[in-house]
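Dear colleague,

I am passing on a structure for you to look at, with the sequence and coordinates placed just below.

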Amino acid sequence: MKPDLFESPDYYNIDDLLTDEHKLVRSAARDWVKREVSPIIEEAAQKAEFPKQIIGGLAEIGAFGPYIPEEYGGAGLDQIAYGLIMQEIERGDSGVRSTASVQSSLVMYPIYKFGSEEQRKKYLPKLASGEFMGCFGLTEPDHGSNPGGMVTNFKDAGDHYILNGAKMWISNSPFADIAVVWAKSEEGRIHGLIVERGMEGFSTPETHNKWSLRASATGELIFDNVKVPKENLLPNKSGLGAPLLCLDSARFGIAWGAIGAAMDCYDTALRYAKERQQFGKPIGAFQLQQKKLAEMITEITKAQLLAWRLGTLRNEGKATSAQISMAKRNNVDMALKVARDARQILGGMGITGEYSIMRHMMNLESVVTYEGTHDIHLLITGLDITGLNAFK
Ligand SMILES: Cc1cc2nc3c(=O)[nH]c(=O)nc-3n(C[C@H](O)[C@H](O)[C@H](O)COP(=O)(O)OP(=O)(O)OC[C@H]3O[C@@H](n4cnc5c(N)ncnc54)[C@H](O)[C@@H]3O)c2cc1C
């Protein structure tokens, strides 16, 4: 793979809106991605292996629990700093960002928000340091966009629960030490349970043959009469709203992360367009290529502004789920379009692993589907503005 020459586009001087701390956090993440991710990620993706050696580095740049308070091992940062870390990591690879998102927003966040003090103390510092890796089990083979229909369930068996069912498409599952699993009680109410690797009847088979997010491990979670201690139930929130709050946090990170992937594609295509000569001049001198580049930077700039504003709303505790949906949907769609146009600018070279573009493009096909599909987020906006439910 070519050396990482990335230079971040900032067409509207959005840096002026950031604090010194934001810039410091971003530059630490950016330097780390250049040093530790860029040199190894193409090979990891080609081999379809999660590069476990980067776990320690992810913890060091604060990617595990950026906004979790320091007393629990988190970095204690604000939402914009969290977004910037996700942006920089996804600039390297969406699969690596997925690992960080799951750990932070889908495992640490529910334990922090809905867990007991004992659970927080037991799990959060280890998750923040990467000693423990976690996964989040919501999706089932027959319940994807409609997680409320889940059939995974647990029954009260005296001093423990008995958990049965299966989850599918679970990021990090093949190597996770713990899983935050959403399951129905005998009353049909959804609760979160912390399931630990090694519990009898719990297995995590890997999903193979993916063309997307190849550097991220994906798998199933299978529960065959798993005995879960009662103290592993998250006590402070139940109902579908609990996992949906986790998804709000993860979707916010994706809205920023997708910008990173788009920036990398744009920066690569711009450099290539200025260097590559055809018909006696750089291809960047042709109007058709300039149109693609000009539209890319316009869309990236709009997405940056959307993410920044959403970050300020989240810092004030005012961002709605529907606002987060809009940013996730818009920014991932934007990144996919940028990746496709950037790939064309590179011609044949665009399909090789010499450049990151094709990998980003393939990765984004998962990102546009997971954490609520492109269409589902549109329906969320539709419901929000009309008050009319078009889901069913
Ligand atoms: C690589 C990867 C990693 C993932 N990681 C995780 C994870 O860590 N944890 C986890 O719990 N899940 C995870 N997922 C699952 C992901 O969230 C689901 O794939 C997603 O929610 C969509 O569900 P589905 O694939 O079952 O599609 P379906 O729900 O079957 O949808 C299929 C199509 O139908 C459309 N559709 C569905 N309902 C409607 C409707 N009412 N109106 C109009 N159109 C509709 C959808 O938009 C989509 O286009 C992951 C998925 C992938 C691909």
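The notes below begin with conventions, then turn to the ligand and the domains.

This is a predicted model, in which local features need pLDDT of at least 70 and side-chain atom pairs count only at pLDDT 80 or more, while totals for chains, interfaces and linings use all residues. Residues are numbered from 1 along each chain as its sequence is written, and side-chain values use heavy atoms, with hydrogens and water left out.

The ligand sits in the largest pocket; a pocket here is an open set of points on a 1 Å grid over the protein atoms alone, where a 1.4 Å probe fits and protein lies on both sides within 12 Å along at least five of seven lines, and sitting in it requires that more than half of the molecule's atoms lie within 2 Å of its grid points. The elements that give two or more residues to the shell around the ligand are β3 (160-171) and α10 (374-386), helices (H or I, at least four residues) and strands (E, at least two) being DSSP runs numbered from the N terminus.

Around the ligand there are 18 residues, of which T139, S145, W169, S171 and T373 come nearest, where a residue counts if one of its heavy atoms lies within 4 Å. By class, this shell has nine nonpolar, seven polar and two charged residues, with Gly counted among the polar ones.

As for polar contacts (pairs of N or O atoms within 3.5 Å), a nitrogen atom of the ligand is 2.7 Å from an N or O atom in the side chain of T139, and ligand oxygen atoms lie 3.0 Å from a polar backbone atom of L138 and 2.9 Å from a polar backbone atom of S171. Taken alone, the ligand exposes 980 Å², and the protein buries 68% of that (Shrake-Rupley method, 1.4 Å probe).

UniProt, in an unreviewed entry, places "domain: Acyl-CoA oxidase/dehydrogenase middle" at residues 135-226, a span that is 0% helix and 48% strand.

With best regards

Technical notes
A polar contact is a pair of N or O atoms within 3.5 Å; within protein, one must be able to donate a hydrogen and the other to accept it, and residues adjacent in sequence count only if both atoms are side-chain atoms. On a 1 Å grid over the protein atoms alone, a cavity is a set of points where a 1.4 Å probe fits but cannot get out, and a pocket is an open set with protein on both sides within 12 Å along at least five of seven lines; lining residues have an atom within 4 Å of a point. UniProt positions are given in the numbering used here, feature names are shortened, and annotations may be inferred rather than shown by experiment.
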